Each structure stands twice: as structure tokens, then as C-alpha cells.
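Thanks for coming. I have one structure to go through today, and I will keep to what can be computed from it.

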Amino acid sequence: MIFQNRVRIMKVMSILVSSFVAMAALISVVFCRTDDLTGFYANWRSEKLAMLDRDPHLYLVAAFGSSHVHNGFDPRSFDAAFSGATNTPKSFNLGIEGGSQTEQRKMALEYLKYVHQRGGQHAIILLEMEDGMNFQDIYLAHPRAINIYDWSTIKFVAEYSSFHIGAVRWLGRLQYALRAGCLHYLNVGMLSNRIFRPPLDESLIARQTADDRRGLDDLPVNSDMKQYLSVLPASISAIPGEIEPGHYHLLRDLYAASLIKDLKIAYFVMPLMHKPGFLSGIIPLYPTEIDGPQGKVPVINLYETGYELFKPDLWHDDAHLNGSGARVLSRILGAKLRNYYSVNF
């Protein structure tokens with residue numbers, strides 16, 4: 001008798017769980033388009049997309065990545081170096097604090113739709129090479145993660161790295177994506193987000209659009225960096241930087257999704273002083289270009305500027321440039337990219 005009751009309870013529970021999963025999936029499919037980043041509020045990302053959408057100018061160059069780009073790419077300085085005497089094409093900073101490769105991919109896909117919808121026929125996408133794979137654990141249940149970890153993102157994570165990184169690290173990346181994917185397909189909070197959409201942070205938008213910053217969050221100088229940088233050795237040695245299969249897969253996905261006539265993509269490596277080995281004078285060395293689906297793709301390694309960027313008055317902390325540093329880095333990046341395209345196209 002007790003056994004039969006347990007069986008009945010298990011059957012009832014199975015039906016309830018199955019019904020919940022089916023209803024959540026139905027709501028997700030009917031009401032929550034997984035390819036729509038603008039339909040859901042995710043702080044920082046929604047504000048960046050709103051800045052781009054509100055501006056009447058068509059931006060044909062955009063930089064993507066984490067906080068290193070968010071605080072380190074100055075569109076004004078990049079444009080002046082990349083375009084020479086003129087200010088066209090104008091660029092936009094779409095890097096996001098706490099970002100990841102998965103979010104960079106989704107943001108770049110959203111940007112391609114923006115260019116196409118506004119009638120653009122060509123664009124340049126700048127991708128951060130060493131952006132982290134997934135979000136930090138604290139963002140697992142954050143709308144930024146729940147919104148983007150659909151099947152295509154999970155597949156992207158699974159295929160991103162070869163097994164040379166080790167089985168534990170590979171499985172760690174995948175299990176994060178799978179957990180976020182479960183939340184994506186089961187979490188009906190995405191529906192409540194549509195119905196009770198939080199307001200945009202207008203103060204954040206105002207700060208990042210003031211003085212024509214176009215998405216740059218201008219950090220102040222940090223006087224402590226002088227002591228931090230005083231230990232750097234006089235000479236620099238290099239070790240090979242990691243080129244992952246995912247770097248090629250990201251190019252594949254962007255070119256496949258593009259509806260514009262002429263798309264150019266470039267990778268760039270942001271200098272990070274908290275990177276292991278840096279204080280011993282060790283920097284990553286990358287090839288100057290890699291093969292993409294439609295030809296060569298440049299890799300601009302901003303470690304290879306000697307110590308031009310590693311001056312105390314250019315940094316906010318050991319991972320983020322301040323406003324002055326962003327101007328210097330963006331000028332170097334713009335000049336290097338202009339030189340590459342003048343030679344190769």
C-alpha cells in the first residue's frame with residue numbers, strides 16, 4: 001500500500017514537472033524571441049543598445065568586449081587615427097562591463113542587424129581577443145545571461161576550446177553554459193520582463209554619451225599605479241597567445257549572419273597588467289592575422305607597443321585604462337588598423 005502511494009505521488013510529481021517545463025517552453029517560444037536583445041532589460045547591455053538606437057548617426061565601426069573595452073576604447077581618438085583628417089566612418093563603443101565572449105558574439109550579431117536595418121552597406125567589427133568565455137558566476141541568474149544562452153550560444157561554448165585547455169576547464173565552461181541554458185528555456189521571468197520592463201538607467205546613458213563619448217565609460221587616474229608599475233623589468237619576453245577554435249567559429253557566425261555588402265572584422269588584444277607573468281615582463285604573442293571565412297582577419301596585439309601604454313597616468317587599476325589611457329590606446333589601434341587595411345585592401 002505504501003509502495004503504491006509512493007508510485008502515485010511520483011507520477012503526479014512527474015506530470016506537474018512536465019507540465020511546468022512544457023508551459024515554460026511554450027511561453028518562451030511564443031512570447032520571448034531568443035534572438036531579440038532589445039526586448040528584454042539587462043542592465044548595462046540595454047543601456048548600450050539604447051545609446052546606439054537613439055543616435056541618428058549610422059555607426060559603421062563598433063568595438064565589442066568586456067570592461068577592458070568599455071573603459072579602454074575611445075571612439076573619438078580611434079576615429080581621428082583611423083580616418084586621418086576626416087571623422088568618418090564614426091565608431092561606437094559596445095563593450096560592456098563584466099562581458100564575455102558569449103555576450104560579445106550576441107552583441108555583434110545585434111549590431112549587424114542594426115547596420116542592415118539602417119541601410120548600411122559596409123561595417124567594421126572589432127572583437128576583443130582575450131575576453132572571458134562565460135560570465136562570472138554572479139551573473140548566472142542575471143537577465144544578461146538568461147537572455148542569451150540559447151542553443152546556439154551553448155553550442156558556441158562547447159565548440160570554443162580544444163581539449164588542450166584540460167578536461168576540467170572545458171567541462172567547467174560547458175556546465176556553466178548548460179546551467180544558463182536551462183534558465184533560458186525554463187525561466188518565465190523573461191515574460192515578466194516584457195510586461196514589467198524596468199526603466200533604463202538614464203544617468204548611465206548620460207555619462208557615457210557626454211562629450212561625444214559614444215559608449216566609453218571614462219575612468220579617473222589612480223595614483224597607486226605609479227608604485228605598481230615601478231617593478232616592471234626593462235626588457236620584454238613573449239609567449240604564444242592562445243588561438244582557440246572559437247575565434248574562428250565567431251568569425252563564421254558573424255559572416256553567416258551578415259546581410260550587408262561588405263563586412264570586415266578585426267581582433268584586437270587589450271593589454272592587461274594583472275595577466276599572469278606580466279610583472280615579469282612576459283606578454284602574449286599573436287600572429288598578425290588569421291584565416292577567416294572570407295579572407296584574412298587582422299589581429300592587433302596592443303601589448304606590442306613596448307611600454308608606451310604602461311605608464312602610471314594612463315591606468316585606473318591593473319586591468320582598466322583611465323580616460324587618458326583610452327585615448328592613447330585607441331589612437332594606436334586606429335593607426336595600426338588603418339595601416340593594415342591600406343596595405344591589404
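What volume does the largest pocket have? The largest pocket has a volume of about 470 Å³. A pocket here is, on a 1 Å grid over the protein atoms alone, an open set of points with protein on both sides within 12 Å along at least five of seven lines, whereas a cavity is a set of points where a 1.4 Å probe fits but cannot get out; lining residues have an atom within 4 Å of a point. Grid points are joined across faces, edges and corners, and a volume is the space filled by probe spheres set on the points.

Before going on, a word on the source. This is a predicted model, in which local features need pLDDT of at least 70 and side-chain atom pairs count only at pLDDT 80 or more, while totals for chains, interfaces and linings use all residues. Residues are numbered from 1 along each chain as its sequence is written, and side-chain values use heavy atoms, with hydrogens and water left out.

Back to the pocket. It is lined by 20 residues, and His68, Asp131, Gly132, Gln136 and His274 lie nearest its centre. Its lining has five nonpolar, 11 polar and four charged residues. Nonpolar covers Ala, Val, Leu, Ile, Met, Phe, Trp, Tyr, Cys and Pro; charged covers Asp, Glu, Lys and Arg; the others, Gly among them, are polar.

As for cavities, there is one of 30 Å³ or more. Residues that line the largest cavity include Phe64, Leu94 and Met107. Helix α5 (residues 101-117) gives the most to this lining, with three residues. Helices (H or I, at least four residues) and strands (E, at least two) are DSSP runs, numbered from the N terminus.

Now helix α2, residues 45-54. Eight of its 10 residues are buried, so α2 is largely enclosed by the rest of the structure. Buried means under 20% relative accessible area, with a 1.4 Å probe and protein chains only. The cover over those buried residues includes α5 and α10 (202-209).

Last, a helix pair. Helix α7 (residues 151-160) and helix α8 (residues 167-186) pack at about 175°, with their axes 9 Å apart. Axes are lines fitted to C-alpha atoms, for helices over the stretch in contact, and angles run from 0 to 180 degrees between N-to-C directions. The two are therefore roughly antiparallel, a label for angles over 145 degrees. Their contact (heavy atoms within 4.5 Å) includes Trp151 of α7 and Trp170 of α8.

How values were computed
Angles under 35 degrees count as roughly parallel, over 145 as roughly antiparallel, 65 to 115 as roughly perpendicular and the rest as oblique. Buried means under 20% relative accessible area, exposed over 50%, partly exposed in between (1.4 Å probe, protein chains only).
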